[in-house]
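Here is a short tour to read with the model open beside you. Take it one heading at a time and look up each element as it comes.

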Amino acid sequence: MKEEEVNRCQIQEWYPKFKSVSIRTLIHELPESFVQYLLDDSGPFVLPVSISNEDALPNRIHNPEEEEDYQVSEGSGDEAEPSLPPSFPELELKVKESIEALGGAVFPKLNWSAPKDSAWISTSGTLRCATFSEIALLFRSSDSLIHDLCHPYDSCSDKTMSRPPTFFLALRKWYPSLRPEMEFRCFVRGQQLVGVSQREVTTFYPILCEKKNDLEVLIEEFFNDNVRLKFESEDYTFDVYVAKDERVKVLDFNPWGAFTLPLLFTWEELEQKPREGVELDFRIVDSQCAVRPGLKTAVPYDYLDTSAGSGWDQFLRNADEELQRQTRSSEAGA
Amino acid sequence: MKPVAAKTKTDMEGEGELREQQEEEIVMPQTTKTMEGELKEQQPDPREEMDVTNLHPLSPEIISRQATINIGTIGHVAHGKSTLVKAISGVKTVRFKKELERNITMELGYANAKIYRCVDKGCPRPLCFKSCGSEIKEEDSPPLCDNPERHKTRRMQLVRHVSFVDCPGHEVLMATMLNGAAIMDGAFLVIAANEECPQPQTMEHLAALEIMGLNNIIILQNKVDCVKQDKVRDQYRAIRQFTEGTTAEGAPVISISAQLNCNIDVVLDHIVNKIPIPVRDFKSKPSMTIVRSFDVNKPGAGIDELKGGVVGGSIIKGVLKANEIIEIRPGIVTRDGNGNLRWRPIISRVVSLYAEQNKLDIAVPGGLIGVGTTMDPSLGRGNKLVGHVVGLPGSMPEVYTGLVVKFYLLERLVGIKGDQTVTRLVNGEMLMVNVGSMSAKCGVITVRGQLATLQLSIPVCTSVGERVALSRRIANHWRLIGWGTIQSGTPRQPHQEDESS
């Protein structure tokens, strides 16, 4: 993969060309100070001070009893003072205007990624944002965005930079009722559409079985009419949404391979498809599957990291040692 | 209207696109209102009609439809776990890759299987066992025994219904800890005969079993068709050696070829005879934590064909019955114009219960189940209800938006990689708090000694005394910094709809 292929998939790059077949988006360049705020964790995580007094956290309900019992006598020395929270008045104003222009609520995104993994943190459990403060909260809480901020070119063969010189905040109009089953990832190899996969692959949607053929035609037509000659890479993926009136909208572009999820395919399979004369392989979940646990639960990174030197690794080593010790002592005792 | 024609004018500014919402709002019934009517027709408490005290995890009426025993399959990635599960259940497990790249998530693969035994007591083991997928065939026609000497004429009887949970690495631990979704009653440790043994991952798995106190282990030496007999014997000795002193010591070791369906009946025999029947609480009021929620309607479905929202989870205790009135807490969560949090429980009726494809009349603790309800389907769309609690009205835990937690901070971050001391809590800082399987952010309001007052971003349904985990954003990840127990909190009352907003 080349840096230029990765760069083409940035929303500020592709959106202007595909504006008429995408969802409405307003894009702002981010000041470096905000990028640093997202990355900086030398101090405690506090939200920026809002100039318009908007708070991402719901109001606290004051309860006199609790206050009495648990309110601390200030300056007891038992608590550290929070450091001065940052403020981004200019950006906040611009964002506020854009949100209003987009109808009051947006889906925020950085150059490549949306902070999907921090949906749990918002009151609504979605990425819907109505204020700058909510955007800051989602962005600052997301591990997904760390990819954009620190590792976007990690799988490039010609990697020269660690990050793009500038970051952009894309505000996309919020649609409360987009249906997860109508989103598809399309795989393009040698400028041919070789595969399409259901985007949300954990559930069986009967409608997709019924409509598979129609959807295939719609997406293929859309690709031929609107994408094939306009997107410059040879190999890439793009995500589309098929609306009820059968109109297709492009939602996102991603590089071929590496960090892009192949969903119902594997990258090996896709790589093996011939570059020419290949039939479109359209995949959906085609039978009722068992209920699977969802992805919504956020857990501390330590619960999942099992690599050498991680907490689990250490814990398991200790458990092993303890076990061996016990075995030895029980042998000695016997 | 065809897409080509549509791309002329209306699209120019991206306006006029994706108009599903408005139309749907018209279609959508005012759930709470229509439901009242439906609710009244129901029996006051269907529980009284059915005596659940006689049910147990082997009751034929239960296991004909729902798996009641969970077996974890663990082992190195390429050792043939999914081939084994396919050989037993006929189900190809699809395990979705972790979104390892840009996201931290987890997924478990599931497949259910029924195990039958020949009714002829004289039919020799293990020939008398046979398995098939979980779906109900014709109700009264269990399969015939395969024993060729009996000319395949003997009927078989359903003796177990098991759920296989694919546990790559430590996810089994996570699932147990976080979701309570999969309490393992036994485990298969799969080792490929054509690989060196033990693989490092296999050792880790053994250690994991140890920690979980899992004793009912069956070791399967897979792919014996790929190697010479003496190699199988050598590996058998090696297995005996490395399991010595572990919880798997003395565990049965079975040589199989999942690919060729060889010795699968021996495995079934062991499931029936070596894995004890678990003890489950069927008598308490039911409680289930939601791990999935969906909307299964077709886009634009008319009001008469609209199906209610579906939630999925694993019942922790008690039983759920079709037609029962249930409550989902906190349910509908909103913020009013002043930034105040409001919640309103969803009161609904169970219209369907299912485990995989099987419809259930009654769902018991065991594998994951789906619960079809009468609630507005948009309430469940896109997993909005994950972490919420299902129970019976009148026996639900309270809902809190603020908690006083007695906390303990780790001295340093776990693991040697993050060799960093944990600094104390700071007023106003944002933490992640996991309460049950719900994660919420919280602002720390005040800290005094070991007590912290936490303000939550979402109301949570929990109880005093429950454990919470506290994480802080460090080096671009949420890192565990401590834990605590809920000391107190002021329960928040549900928002009344008629109040002005």
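## Before you start

This is a predicted model, in which local features need pLDDT of at least 70 and side-chain atom pairs count only at pLDDT 80 or more, while totals for chains, interfaces and linings use all residues. Residues are numbered from 1 along each chain as its sequence is written, and chains are lettered from A and ligands numbered from 1 in the order in which they are written.

## Confidence

The predictor gives the complex an ipTM of 0.71 and a pTM of 0.69. Chain B has a mean pLDDT of 75, with 72% of its residues at 70 or more; pLDDT is the predictor's confidence in each residue, from 0 to 100. Within chain B, confidence is lowest in helix 2 (residues 20-27), at a mean of 37, and highest in strand 10 (residues 320-321), at 94. Helices (H or I, at least four residues) and strands (E, at least two) are DSSP runs, numbered from the N terminus.

Residues 1-48 of chain B have pLDDT below 50, and this stretch has 67 contacts in the model beyond near neighbours in sequence. Residues 168-182 of chain B are also below 50, with 42 such contacts. Two residues are in contact if their C-beta atoms, placed from the backbone, lie within 7 Å. Where pLDDT is low, the predicted coordinates should not be read in detail.

## A three-stranded sheet in chain A

Chain A has an open sheet of three strands in the order 1-3-2, with antiparallel pairing; two strands pair if DSSP finds at least two bridges between them. Strand 1 (25-29) and strand 2 (106-109) of chain A are the edge strands, each pairing on one side only. Neighbouring strands are turned by 20° against each other on average, direction ignored. Axes are lines fitted to C-alpha atoms, for helices over the stretch in contact, and angles run from 0 to 180 degrees between N-to-C directions.

Strand 2 and strand 3 (residues 168-173) of chain A are joined by four bridges, and A:Phe107 has A:Arg172 as its bridge partner in strand 3. Helix 2 (residues 11-18) of chain A packs on the sheet and touches strands 1, 2 and 3, its direction making about 145° with that of strand 1. Helix 5 (residues 89-101) of chain A also packs there, touching strands 1, 2 and 3 at about 175° to the direction of strand 1.

## A five-stranded sheet in chain A

Another open sheet of chain A has five strands in the order 7-6-4-5-8, with mixed pairing. Strand 7 (248-255) and strand 8 (281-283) of chain A each have a single partner strand, so one side of each is left without a neighbour in the sheet. Strand 5 (residues 192-198) and strand 8 of chain A pair in the parallel sense over three bridges, with A:Val196 opposite A:Phe282.

## Places to visit in chain B

Helix 5 (residues 81-89) of chain B is mostly covered, with eight of its nine residues buried. A residue is buried if 20 or more other C-beta atoms lie within 10 Å of its own, exposed if 12 or fewer, and partly exposed in between, with C-beta atoms placed from the backbone. After helix 5 of chain B comes B:Gly90, whose phi is positive, near 75°.

Strand 21 (residues 467-474) of chain B has six of its eight residues buried, so it is largely enclosed by the rest of the structure. Eight antiparallel bridges join strand 21 to strand 22 (residues 477-488) of chain B, and B:Ala469 has B:Trp483 as its bridge partner in strand 22.
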